Amino acid sequence: MTFQLYGFWRSNAAFRVRVALALKGLAFEEIDVDLLSGDQFDPAYAQVNAAHMVPTLMHDGHALSQSLAIIEYLEDIAPQPRLLPEDSRERAYARSLAMILAADVHPLTVPRVRSHLAETFGADPAAIEAWCRHWTGEGLAAYERFLTLRPAAPFVLGAEPTIADIAIAGQIALADVYGMDRTAFPRVTALGAVCFSLPAFAQAHPFEQAGYRAVRMHN
Ligand SMILES: N[C@@H](CCC(=O)N[C@@H](CS)C(=O)NCC(=O)O)C(=O)O
């Protein structure tokens, strides 16, 4: 199997796919789409992903988009280790937790929203940063409330990571990018420590990506 991942170092959605590929032991090459420079709008990339977003996963010449749909595809073609629980109710619970972040919170902070805030409403960089921190904090708080409903296992649904862990780890990583203090979210923080102790998560962190190192060198 050959996989190419169009991603970006700080992309939360690309993080999810990076982790899923690594947990399943699927080797991939990552192609950087610099979202802060607008590379997602290049006509050549629009041929790959008409939504002008990352991630896009190329598998044997076929393009797949939307991180959770990509992860479900990987689950179909490489079922082990499972990233979605076998039990129907647990599977629905894992999906619902992942979607708190992937569907409700993360879309509020992506580059197209930040640009719209600046261009249409005149928001300055500090206001936009505050907006992103607010919604990221709301997501972490909602997750914290769900985590307190069950004992730590040590992952969200048991002994192995699922999409529920991948989603919260991505949001934690984004909180790291925003330099947020996570002490108000002790269960989320403890879960993050468990996730990032695994190489699949640690190596997918934004600060471990070549694109981040390049930005650091030029700043
Ligand atoms: N729901 C999508 C979100 C995709 C998305 O919004 N990706 C962001 C980066 S994390 C992006 O490419 N944004 C481009 C833009 O906002 O212009 C998924 O889970 O894949």
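**Ligand site and backbone geometry**

H52 is found in the loop between helix 2 and strand 3, where helices (H or I, at least four residues) and strands (E, at least two) are DSSP runs numbered from the N terminus. The model is predicted, so local features need pLDDT of at least 70 and side-chain atom pairs pLDDT 80 or more, whereas totals for chains, interfaces and linings use all residues. Residues are numbered from 1 along each chain as its sequence is written, and side-chain values use heavy atoms, with hydrogens and water left out.

**Loop geometry**
- Although H52 is not a glycine, its phi is positive, at about 60°.
- The loop that holds P55 runs between helix 2 (43-48) and strand 3 (56-59), and the peptide bond leading from V54 into P55 is cis, with omega near 5°.

**Contacts with the ligand**
- There are 16 residues around the ligand, and those that come nearest are Q40, V54, Q66, S67 and R112 (near: a heavy atom within 4 Å).
- From the side chain of Q66, a polar atom lies 2.7 Å from a nitrogen atom of the ligand, a polar contact being a pair of N or O atoms within 3.5 Å.
- The backbone also takes part: a polar backbone atom of P111 is 3.4 Å from an oxygen atom of the ligand, and a polar backbone atom of R112 is 2.7 Å from an oxygen atom of the ligand.
- The ligand taken alone exposes 510 Å², of which the protein buries 93% (Shrake-Rupley areas, 1.4 Å probe).

**The surrounding shell**
- Two or more residues of the shell around the ligand come from each of helix 1 (12-23) and helix 5 (111-121), with helix 1 giving the most, namely 3 residues.
- By residue class, the shell divides into 7 nonpolar, 7 polar and 2 charged residues, with Asp, Glu, Lys and Arg counted as charged, Ala, Val, Leu, Ile, Met, Phe, Trp, Tyr, Cys and Pro as nonpolar, and the others, Gly among them, as polar.
- Because domain 1 (3-81) and domain 2 (88-202) both give residues to this shell, the ligand lies between them (bounds from an automatic or database domain assignment).

Notes:
Polar contact = N/O pair within 3.5 Å; in protein donor to acceptor, adjacent residues only side chain to side chain.
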